[in-house]
Amino acid sequence: MMSAHKRLLLGCGTRLMVQNGTFSTSAKAQKSYKLVVVGGGAGGCATAAKFSSKLGRGKVAVIEPADMHYYQPMWTLVGGGMKTLEDSGRPMSQVLPSKADWIKQRAVTFDPHNNKVITEEGEEVNYEYLVVATGLQLNYHQIKGLPDAFETPGVCSNYSPLYVNKTLKSLENFREGNAIFTLPTMPIKCPGAPQKIMYIADEYFRKHGKRDKANIMYFTTLPVLFGIKKYADALWKVVKERGIVDINLRHNLIEVKPDTREAVFQDLDNPTTSKLLSAPDPLRECAALVNEGGFLNVNKHTLQHVTFPNVFGIGDCVSVPTAKTAAAVAGQFGVMRKNLSLVMAGSSPKHEYDGYTSCPLVTGYSKCILAEFDMDGQPLETFPLNQAKERRTMFHLKKDMMPAMYWMGMLKGIWNGPKYMRKIMHLGMK
Ligand SMILES: Cc1cc2nc3c(=O)[nH]c(=O)nc-3n(C[C@H](O)[C@H](O)[C@H](O)COP(=O)(O)OP(=O)(O)OC[C@H]3O[C@@H](n4cnc5c(N)ncnc54)[C@H](O)[C@@H]3O)c2cc1C
């Protein structure tokens, strides 16, 4: 019999089959690459573009099962009817770089001890270097009744392409009563998103003459309205001005009852362990790669894995303690790509990520507070003006300019965040 000890040495969840009393892996084919990128989202696509151009054809593979690539930050605007779901997506085949091989499968097993990733079809993909960019998975099933409730009118989520179109429909069909917006337990991507759609809904109801019939309620698991005080203060003013008085801090949605149209919340002073968003299961199940929270365990500055020097991470799936946004991915990319190149050349990483992240807090159909901050919660603003103020210019930056920067800059591996722009704007002082 195989001992428990041996089982561990085989790596993270390697699939085993017993054949005539001997053990063999269920893997079928073998492929080898200089660099394997797992995930073809914001971070994975940028990484693959940069390194396939640098290393040449056939040297880089991207493991990614999805047919479509979505610019998720646009889903807030889709929910409010300012953009369509189609505007936010492009076929994956169009955004992945042509010089990289696309392995259109899900990675199911990470085996960092043997430098390989195994796909759902049992292919073994060997690497010299690995970049993990799997983003987060949505765990809607952790809220009792929610998956069924999504099939009923009036229950929607801007976090999934399956349900984001229901948001506008819910606003249109709203007649009167409670309009409930929720922010689940951290970490989530773009922690500002749950309240952005609340402000949009407020304006939508006003425009359509039903605001006085709506009791807008916000339930957040956080003890504050927003994690950075400067922007939280500004947002408290916004909710006050809009007459949004039902703000419930430290409350977590635990059940939805579609039959009676009820939402059940838990007071978080009695703690919960459920996480609505988490790193994808194949990554979480690889104990050698993740921290206790289930995120890829990287050095928060260099983005190199703490145990495996040939493994780097980028984006929502990493353990870096900053708000998980595409803006953070851009900042991380500028550092990660340089450090990975150094390691490939036999040196050590020397570039450091400062935790830059940004949350354009859309507060209606024409206004936005552009929150930008670092991992210590300090504002790190690009423009030499008070970004905590609601502005139309910032709204257009978010709605009209950022998508173009994403498709044409970020996914091509040429957008590293606004660090240099910030320096110029602040005459080198920041
Ligand atoms: C409603 C909403 C609003 C947002 N607003 C903003 C905003 O205003 N500003 C901002 O900067 N950010 C915003 N974000 C956050 C931003 O979209 C994410 O932070 C960003 O997309 C993260 O990039 P990523 O590469 O880490 O993950 P993703 O872009 O999510 O990509 C992950 C990829 O990995 C793939 N994958 C997953 N598991 C596996 C596996 N096992 N094998 C292979 N591939 C796998 C997935 O299919 C996916 O393509 C928002 C997000 C949402 C949902």
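Reply: A crossing of two helices is called right-handed if the near helix is turned clockwise from the far one by less than a right angle, and left-handed if anticlockwise. Please note that the model is predicted.

Me: Which hand does the crossing of H2 and H11 have, left or right?
Reply: H2 passes H11 in a right-handed crossing.

Me: At what angle do the axes of H2 and H11 cross, and within what distance do they come?
Reply: The axes of H2 (residues 42–55) and H11 (residues 326–344) cross at roughly 30° and come within 9 Å. Angles under 35 degrees count as roughly parallel, so H2 is roughly parallel to H11.

Me: Which residues meet there?
Reply: From H2, Ala42, Gly43, Ala46, Thr47 and Lys50 meet Ala326, Val329, Phe333 and Arg337 of H11. The residues of this contact comprise five nonpolar, two polar and two charged.

Me: Turning to the ligand, which residues come nearest?
Reply: Gly39, Gly41, Gln72, Gly135 and Gly315 come nearest, out of 37 residues around the ligand. Two or more residues of the shell come from each of H2, H3 (75–79), H11 and strand E19 (357–362).

Me: How does that shell divide by residue class?
Reply: The shell around the ligand has 19 nonpolar, 13 polar and five charged residues.

Me: What domain does UniProt place at residues 33–152?
Reply: The unreviewed UniProt entry places an "FAD/NAD(P)-binding" domain there. Over residues 33–152 the chain is 26% helix and 32% strand, with the end C-alpha atoms 46 Å apart.

Key:
Residues numbered from 1 in each chain as written. Predicted model: local features only at pLDDT ≥ 70, side-chain atom pairs only at ≥ 80, totals over all residues. UniProt positions renumbered as here; feature names shortened; annotations may be inferred. Helix = DSSP H or I, 4+ residues; strand = E, 2+ residues; numbered from the N terminus. Axes fitted to C-alpha atoms, helices over the stretch in contact; angles between N-to-C directions. Parallel < 35°, antiparallel > 145°, perpendicular 65-115°, else oblique. Contact = placed C-beta atoms within 7 Å. Nonpolar A, V, L, I, M, F, W, Y, C, P; charged D, E, K, R; others polar. Near = placed C-beta within 6 Å.
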